[in-house]
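Please keep the sequence and the structure at hand while reading.

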Amino acid sequence: MVKEKINEKSEKIKKKGRWGFVVGAIFVLSLAILVSNMTLFAYNTKSCDCKDSRKYTGIVEDCCCDYETVESLNKEVLNPLLQELVTTPFFRYFKVKLWCDCPFWLDDGMCHLRDCSVCECPDNEFPEPFKKPIQNKLSSDDLICQEGKPEATVDRTLDNKDFRGWVVVDNPWTNDDETDNGEMTYVNLQLNPERYTGYAGPSARRIWDAIYTENCPKYPSGEFCQEKRVLYKLISGLHSSISVHIGAEYLLDEASNLWGQNLELLDERVLRYPDRVRNLYFTFLFVLRAVTKATNYLEHAEYNTGNPAEDLKTQSLIRQLLYNPKLQAACPLPFDEAKLWQGQSGPELKQQIQKQFRNISALMDCVGCEKCRLWGKLQVLGLGTALKILFSVDGQNNVAQPLQRNEVIALVNLLNRLSESIKFVDEMGPTVEMTMKNRVSALGGHNNIWKRLFSLVVGPR
C-alpha cells in the first residue's frame, strides 16, 4: 500500500516535471518563431555578394547575347536611358481605346477597385501637336490628373502634318483600329503606373487561359517549330514581366495604403520557374532588336510636343539609345530574325502566327480592370510593333509599313517595362530565393519541434 502511494506520487512528480518542461519548451519555441519570422525577410547581403551564385549563364536561348551581358548592359546603359526617356512629354502620353466590348464572351463588367481605374488626360494637358500642329508649349512637370467622369472630353484628332513617320495606319499584327479616333482617349502613363490593382480570380485567369490554350499553346519540344516557340516565349516573357511589376509594387495594407514588395508572389509566379525567367530575357532582347533595327526611322522621327527643350532632350536620348557604343560592342545583334520564315511553308506560318497574335490583341478588350487593360493594350501593341518591324518587311529587309506615333510610344514603354523587370530579377532574385529557402527550412524546423512536444505529452504510440 505504501509502495503504491510512493509510485503514485513519483508518477505525479514526473508528469508535473514533464508539463513544466513542455510549457518552458513552448515558450522558448514561440520566442524562436517570433525571431525567425522577423528575420526571414531581412536582406541577406551574403547571398548577394557571392560571385558564384549566378543562376542564369550562357547565351539566352534563340538569341545572340548571354545573360551576363544583358544584365550589365541593362544596368549600366539601357535602364538609365529608358527611365529618363519615358518621362519625356512625347513618351508620357498614350492614345488608347479603353471602352470596348469583349468580342469573345459576355463582359463581366469593369473592376470597381480604386487601383483599377485610369486617370485620363484633360484636354489642356497632352501635347497640342498630338491633336493638331499648333505650337503651344507643354511644361515638363505638368502632371495634372483629371478626377471625375471616365468619359472626359479630349480632342482625339491626330497630327495631319506632312511627316513620313507619323501616319495613320493599322498595325497588321494587332486588332485595334488605330484610325478610329472617335473612341480614343489620351492617358498620362506617369500617373497610371503598372502595379498591383487587386484584379484576380476567374476573370483574370480566363484571359491568360485563352491566350495560352487557344493562341500560343506550349507544344512538346519535338513538335515546337522555332516560329511558334518565338510567339510562346514572347507571351510568356511579357506575362513574367507583368507579374514582376505586380509583385514589386504591391498593396500590402489597404487600410493604411502601404505599398511594398511581395516577395512570396514574385517567387510563386516567376522566380521558381526558370523557363519564365529565361523567356523574360528573350522578350527583352527581341524588343531591343526591333528598336535597333528601326534605328534609321527612329533617329529621324519628329518628337514634337510643342516644348522645344524637352523635344531636343527626347531626340538626344533616342540617339544615345540607338548608338550606344557599349551596346554595339557587346550585343550588336540581340536577336537574329533572318533565321525565321524559311522554306515553302514560311509565308503560311507567318499568317497563322499573325492571326494568333491579333486574337491575343483582341483579348485585351476582355480585361475587366481598366488599368490592366491600359497596360495590356500598350504592351501588346509594343510587341505587335516589334513583330511588325522584324517580320513585316520588304525584299530589302526594310520595314514595309511606316511606324505611327502610338506604335513608337508603345514600343519604347514596353522596352522600359521589360528593362525594369530584368533589373529587378537580377538584383532581387537571389535574395528572394534565399528568403524562400530560409522560410521553408524554418517552418520545417518548427514542425519537427512540435512533433517532439506532441510525443512528450501524448507519449509513444
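What is the handedness of the disulfide of Cys102 and Cys366, and what is the torsion about the S-S bond? The torsion about the S-S bond of Cys102 and Cys366 is about 75°, so the disulfide is right-handed. Cys102 lies in the loop between β1 (93-96) and β2 (185-188), and Cys366 in the loop between α12 and α13 (370-391), so the pair ties together parts that are 264 residues apart in sequence. Cys102 and Cys366 are both buried. The model is predicted, and every value in this report is to be read with that in mind.

**Overall content**

The protein has 461 residues, of which 49% count as buried. Its secondary structure comes to 14 helices and 4 strands. Among contacts with a separation of 6 or more, 82% are between residues 24 or more positions apart.

**Cysteines**

A disulfide is a covalent bond between the sulfur atoms of two cysteines. A search of the whole structure finds 2 disulfides, and the table lists them.

| Disulfide | Sulfur to sulfur distance | Torsion about the S-S bond |
|---|---|---|
| Cys65 and Cys331 | 1.6 Å | about 90° |
| Cys102 and Cys366 | 1.9 Å | about 75° |

The disulfide of Cys65 and Cys331 is right-handed, because the torsion about its S-S bond is about 90°. The pair links distant parts of the chain, 266 residues apart. Cys65 is in the loop between α2 (45-49) and α3 (67-85), and Cys331 is in the loop between α11 (325-330) and α12 (346-363). Both of these cysteines, Cys65 and Cys331, are buried.

**Strands**

β1 and β2 pair in the antiparallel sense, over 4 bridges. One of the partners in β2 is Asn188, which bridges to Tyr93. In a regular strand the side chains alternate between the two faces of the sheet. In β1, Tyr93 and Lys95 point one way, while Phe94 and Val96 point the other way. Are these four residues of β1 buried or exposed? Tyr93, Phe94, Lys95 and Val96 are all buried.

Strand β3 (residues 250-253) pairs with strand β4 (residues 258-260), again in the antiparallel sense, over 3 bridges. Tyr250 stands opposite Gly260 of β4. The two strands β3 and β4 form a hairpin with 4 residues between them. In the turn, Asn257 has a positive phi of about 55°.

**Helix packing around α12**

Two packed helices are described by the angle between their axes and the distance between the axes. Helix α12 has contacts with α6 and with α5.

The axes of α6 (residues 226-248) and α12 come within 10 Å and cross at roughly 15°. Angles under 35 degrees count as roughly parallel, and α6 and α12 are therefore roughly parallel to each other. Their crossing is right-handed. On the α6 side the contact is made by Glu227, Lys228, Leu231 and Ile235. On the α12 side it is made by Leu349, Gln352, Ile353, Gln356, Phe357 and Ile360.

Helix α5 (residues 202-215) packs with α12 at an angle of about 170°, with the axes 10 Å apart. α5 and α12 are therefore roughly antiparallel to each other. From α5, Ile207, Ala210, Ile211 and Asn215 make the contact, and from α12, Gln356, Asn359, Ile360 and Leu363 do.

**Ile235**

Which residues does Ile235 touch, leaving aside its neighbours within four places in sequence? Ile235 is in contact with Trp208, Ile211, Tyr212, Cys216, Phe357, Ile360 and Leu383. Ile235 lies in helix α6 and is buried, with a relative accessible area of 2%. Ile235 and Cys216 are 19 residues apart along the chain, and their C-alpha atoms are separated by 8.0 Å.

How values were computed
Residues numbered from 1 in each chain as written. Predicted model: local features only at pLDDT ≥ 70, side-chain atom pairs only at ≥ 80, totals over all residues. Heavy atoms only, no water. Disulfide = S-S within 2.5 Å. Buried < 20%, exposed > 50% of the residue type's maximum accessible area, 1.4 Å probe, protein only. Pairing = 2+ DSSP bridges. Axes fitted to C-alpha atoms, helices over the stretch in contact; angles between N-to-C directions. Parallel < 35°, antiparallel > 145°, perpendicular 65-115°, else oblique. Left-handed = near helix turned anticlockwise from the far one by under 90°. Contact = heavy atoms within 4.5 Å.
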